[in-house]
Amino acid sequence: MTEEQTQPGGELGLFIYGIVPSDVEPTPDAEGVGDPPGEVAAIRHGELAALVSEVGLAEPLGRPADLTAYQTLLDGTAAVAPVLPVRFGTVVTGPDAVEDLLEAHHDRFAAALDEFEDRVQYTVHGRFDEEEMISDFLTENPSAAALADQVRGRPEAESREERIRLGEMISQGVELRREAENRALIDTLTPYAVAHAPRLPSSELDAMNVAFLVDADGEEEFVRVLEEFAEQRRDLIRMRLLGPLAPYDFVSAHQLVE
């Protein structure tokens with residue numbers, strides 16, 4: 001036991017990033033969470049391994065750098081091997097606890113890894129251009145356009161009720177358009193993906209937010225079709241494609257470690 005471990009508040013635990021096949025080996029330059037970053041290692045049991053690094057049990061986690069380290073390690077791993085992400089912040093007392101976890105759920109974890117072999121996640125996020133969205137909405141909604149004309153140029157205090165009503169109408173319009181755009185995105189990309197998982201909006205102007213699980217040999221076609229979809233909406237929606245990623249939205253991380 002090191003001097004650090006014997007001091008109050010200096011005890012160490014193991015941060016678990018994900019479950020991988022037993023032949024996966026962390027690269028020498030892989031950095032984990034913590035300050036300074038922990039060295040990433042693999043603890044093996046049977047056909048499985050867990051990617052871990054040491055952290056102080058009293059050390060607060062959740063800094064942007066910690067989240068980046070967690071995602072960088074998992075996404076880099078997913079590019080070369082299947083990986084089951086474990087919920088961020090999962091820390092156990094030591095190697096024995098990790099081995100117990102792998103032994104208790106060995107067959108379930110192994111089956112899940114087989115399912116994600118040669119598959120990665122892509123997340124499609126789109127945000128409406130606010131001015132364009134409102135302009136389109138008013139063009140398509142004469143009653144809202146008339147209300148906008150009523151409040152234009154009037155003091156806010158004098159037209160407060162009308163402004164509130166107009167805001168509610170626009171908000172409802174954005175929500176309906178968001179639902180339509182998500183459906184259109186899913187319908188367009190479903191033939192090129194193994195599965196999809198809609199995500200909650202991250203802002204009021206979100207147009208779409210959907211994760212897709214894609215076979216590695218179908219990535220180019222998936223991206224090509226998405227680019228065509230985005231081009232058709234480029235004036236209204238600014239779209240981003242995140243990936244390839246570990247399959248965060250397709251693994252029930254809370255079920256991996258209770």
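Predicted model: local features only at pLDDT ≥ 70, side-chain atom pairs only at ≥ 80, totals over all residues.
Local features were considered only at pLDDT of at least 70 and side-chain atom pairs only at pLDDT 80 or more, whereas totals for chains, interfaces and linings use all residues. Residues are numbered from 1 along each chain as its sequence is written, and side-chain values use heavy atoms, with hydrogens and water left out.

The protein contains nine helices and nine strands, taken as DSSP runs numbered from the N terminus (helices: H or I, at least four residues; strands: E, at least two). Its radius of gyration is 24 Å, while a compact globule of 258 residues would have a value near 18 Å; the radius is taken over C-alpha atoms, and the globule rule is 2.2 Å times the number of residues to the power 0.38. Along the principal axes, the C-alpha atoms fill a box of roughly 75 × 45 × 30 Å. Of the 258 residues, 43% are buried (buried: under 20% relative accessible area; exposed: over 50%; partly exposed: in between; 1.4 Å probe, protein chains only).

Eleven salt bridges are present in the structure, each defined as a side-chain nitrogen of Lys or Arg within 4 Å of a carboxyl oxygen of Asp or Glu. Side chains of opposite charge can pair when their charged atoms come close. One of the bridges joins R127 and D206, at 3.3 Å from N to O. R127 belongs to strand β6 (residues 119-128) and D206 to strand β8 (residues 206-215), so this pair ties together parts 79 residues apart in sequence. R127 is partly exposed, at 30% relative accessible area, whereas D206 is buried, at 1%.

A further bridge links E181 and R177 at 3.0 Å, N to O. These two residues are four apart in helix α7 (residues 160-189), and about one helical turn separates them. E181 is buried, with a relative accessible area of 5%, and R177 is partly exposed, with 24%. The side chains of E231 and R234 also meet, at 2.8 Å from N to O; E231 is partly exposed at 47% relative accessibility, and R234 is exposed at 55%. Salt bridges with shared partners join R177, E181 and R233 into one network.

E219 lies in helix α8 (residues 219-231). This residue is buried but has no salt bridge, and the nearest side chain of opposite charge, R119, is 11 Å away. Apart from neighbours within four places in sequence, E219 is in contact with V120, Y122, V214 and P244 (contact: heavy atoms within 4.5 Å).

Methods
Lys, Arg positive; Asp, Glu negative; His and termini not counted.
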